[in-house]
Amino acid sequence: MDALPGIVIAGASGRMGRMLIGTVLASDKARLAAAIQRPGHDWIGRDIGECLGGAPVGVKVTDDPLEAFAKARAVIDFTTPAATVEFAALAAQARLVHVIGTTGLEPEHLAKIDAAARHAVIVRAGNMSLGVNLLVTLTRKVAAALDADWDIEVIEAHHNKKVDAPSGTALMLGQAAAEGRGVDLDTMRDSGRDGITGARRPGAIGFSAIRGGDIVGEHDVLFAGAGERIVLRHIATNRAIFARGALKAALWGQDKGPGAYDMMDVLGL
């Protein structure tokens with residue numbers, strides 16, 4: 001096997017899949033071992049380089065994750081909750097590093113992913129960028145410094161093809177605010193307002209979602225007090241930041257023991 005760690009990209013034809021493949025192919029620290037696509041997709045059996053409109057790279061798209069994982073040391077997965085749970089079990093069997101950027105995961109999905117982490121390295125984050133993870137740290141610190149007289153609202157904007165809301169990043173930020181304030185997010189969460197909702201509940205952590213155009217990702221954490229406001233903001237203009245972060249996580253996990261990690265661990269924050 002090549003000395004460079006082999007990386008599998010799941011969901012090869014998706015927005016992030018394409019970006020991840022390009023990032024791995026351009027890296028001098030990793031090699032593309034396999035590209036996975038769902039059964040029946042017209043890319044199956046074709047060279048991934050040609051599928052992406054370029055020259056052949058010697059890697060054919062497969063719908064068999066077991067075959068793909070046998071060639072690799074890590075899998076990067078920005079797919080769907082059901083697919084991610086399946087990949088987690090298979091990656092644990094193969095002892096691969098599993099980097100998960102999938103959003104919309106429910107408690108039942110997370111329980112299965114946590115079970116897989118007993119046997120393999122799993123790095124899961126709602127956002128893989130350095131800037132966002134710094135924003136999470138700042139949100140926690142600001143929330144700890146301000147009392148419940150300051151309303152907290154997490155405002156996120158994404159492209160019109162995104163299927164879940166709030167975004168995984170927004171939930172990361174809301175969780176950081178809850179931790180800073182010493183409260184349970186599920187108890188204090190306020191989202192999906194419509195109609196006559198009444199006054200805002202004291203201490204609530206609100207979420208607002210915007211969907212439109214080709215917005216890559218914008219996140220504001222608003223702390224609103226009487227007569228003043230603090231706004232922490234991160235704007236992503238290129239998905240490459242997420243792909244670079246995911247590859248960094250896959251390489252970071254190579255010498256780690258089994259367990260559940262996040263980008264804070266990868267970045268040492």
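User: Which residue is the bridge partner of H219 in β11?
Analyst: H234 is the bridge partner of H219 there. This is a predicted model, where local features need pLDDT of at least 70, side-chain atom pairs count only at pLDDT 80 or more, and totals for chains, interfaces and linings use all residues. Residues are numbered from 1 along each chain as its sequence is written, and side-chain values use heavy atoms, with hydrogens and water left out.

User: How many bridges join β10 to β11?
Analyst: 9, and the two strands run antiparallel. Strands are DSSP runs of E, at least two residues, numbered from the N terminus, and two of them pair if DSSP finds at least two bridges between them.

User: What's the strand order in the sheet?
Analyst: β8-β9-β7-β10-β11, an open sheet of 5 strands with mixed pairing. At the edges are β8 (189-191) and β11 (228-236), each pairing on one side only.

User: Ok, β7 then. What does A157 stand opposite in β9?
Analyst: I210. β7 and β9 (residues 205-211) run parallel, joined by 7 bridges. In β10, A157 stands opposite E218, and that pairing of β7 with β10 is antiparallel.

User: Switching to D220: buried or exposed?
Analyst: D220 counts as buried because its relative accessibility is 13%; the cut-off for buried is under 20% relative accessible area, with a 1.4 Å probe and protein chains only.

User: Which side chain does D220 make a polar contact with?
Analyst: The side chain of R233, at 2.7 Å. A polar contact is a pair of N or O atoms within 3.5 Å; within protein, one must be able to donate a hydrogen and the other to accept it, and residues adjacent in sequence count only if both atoms are side-chain atoms.

Note on methods. Helix = DSSP H or I, 4+ residues; strand = E, 2+ residues; numbered from the N terminus. Buried < 20%, exposed > 50% of the residue type's maximum accessible area, 1.4 Å probe, protein only.
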